[in-house]
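Visitor: I would like to learn how to read the strands, cores and confidence values of a model like this one. Please take me through it step by step.

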Amino acid sequence: MLHFETINELTLKVTCTGNDVLFTKAGAFIAGDSAGGKNYKFEKLLLGPQNNFAQAALGSLVRRVTGENLPLMKVTMNGDSVTYYANYGQHVLIYKLAFGETISVESENILAFTPDCKYDVRFIGCGILSQKGLATSVLTGNGGGAYVAILSDGNPIVLSNHRSRNTISVDPDAVICWVGQGNCDPQVKTDITWKNFIGQASGESYAFEWSANQQVSVIVQPSERRGGVAVRVD
């Protein structure tokens, strides 16, 4: 059995009771503590976390084609242990998924997840105007211990419309992930006028938007990915 918690906001602490398996970003391990000698080992996954070889191979191909490829490491734990994971001082967030609940997240923002999370890639088809891409990595709760650890550049904010039923709008280059039931993918909204073509763009010409009918929680980091499309005429 695995349990996730954060240490000083920057480190993931994983407590293992008995035998279990953990999937993490390759190279994310920083320290470990176990009685009677080291009882955990690391293995780089060449394909994916799926048990079925054909599904793992197909998943690996899809991730490479969509740009959502994540170098994964499998940690096999044989006995009680505590291990720690981090990534260049980024902030770590932990989310425990309910059964059937999904979290859509950029592959670069995934630090670790448990085997009770089903890992896949889904096309959202609305990211061509930003570095967000046309696809997103998806983790779905498939058991009672579905933990996910997410990375953020700085302390993030969480926006939710579960109670307010408000419309949520975010910059695609700042969004880390969104959590909800069923299809809760955003729509892309653009605000391109003639000013964009003469170099007078606001820099906020597109956004991801969730309507009041989509019950969702969105996590946004205080940092934007570099890139995107700049439409103008010099």
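Visitor: What holds strands of a sheet together in general?

Guide: Strands pair through backbone hydrogen bonds, either parallel or antiparallel. Now the case here. β17 and strand β18 (residues 206–210) pair over four bridges, in the antiparallel sense. Within that pairing, Q187 has E209 in β18 as its bridge partner.

Visitor: Where does S169 sit, and what is it in contact with beyond four places in sequence?

Guide: S169 belongs to strand β15 (residues 168–170). Setting aside neighbours within four places, its contacts are A207, F208 and E209. S169 and E209 are 40 residues apart along the chain, yet their C-alpha atoms are separated by 4.4 Å.

Visitor: Which strands are joined to β19 by bridges?

Guide: Strand β14 (residues 157–160) runs antiparallel to β19, with four bridges joining them. L159 is the residue opposite V218. β16 also runs antiparallel to β19, through five bridges. There, C177 has I219 as its bridge partner.

Visitor: How do I read the nonpolar cores?

Guide: In soluble globular proteins, nonpolar side chains tend to be buried together. Here the largest nonpolar core has 20 residues. L97, I103, F113, L139 and V148 have the most contacts inside it. The elements giving two or more residues to this core are β9 (102–105), β10 (110–113), β11 (117–123), β13 (147–152) and β16 (175–180). β16 gives the most, with three residues. A second, separate core has 18 residues, including F4, A28, V75 and L151.

Visitor: What does the protein chain look like as a whole?

Guide: Its secondary structure comes to one helix and 19 strands. Of its 234 residues, 46% count as buried. The chain exposes about 11,900 Å², and carbon and sulfur atoms supply 51% of that area. Take the contacts between residues at least 6 apart in sequence: 79% of them join residues at least 24 apart.

Visitor: Where is the pLDDT below 50?

Guide: First the overall picture. The mean pLDDT of the protein chain is 81, and 73% of its residues reach 70 or more. Over residues 126–131 the value is below 50, although this stretch has 22 contacts in the model beyond near neighbours in sequence. Residues 193–203 also stay under 50, with 15 contacts beyond four places in sequence.

Visitor: How should I treat such stretches?

Guide: Where pLDDT is low, the predicted coordinates should not be read in detail.

Conventions
Residues are numbered from 1 along each chain as its sequence is written. This is a predicted model: local features need pLDDT of at least 70, side-chain atom pairs count only at pLDDT 80 or more; totals for chains, interfaces and linings use all residues. Side-chain values use heavy atoms; hydrogens and water are left out. Contact means heavy atoms within 4.5 Å. Buried means under 20% relative accessible area, exposed over 50%, partly exposed in between (1.4 Å probe, protein chains only). Accessible areas come from the Shrake-Rupley method with a 1.4 Å probe; for residues, only the protein chains shown count as cover. Two strands pair if DSSP finds at least two bridges between them. pLDDT is the predictor's confidence in each residue, from 0 to 100. A nonpolar core is a set of buried Ala, Val, Leu, Ile, Met, Phe, Trp, Tyr and Cys residues joined through side-chain atoms within 4.5 Å.
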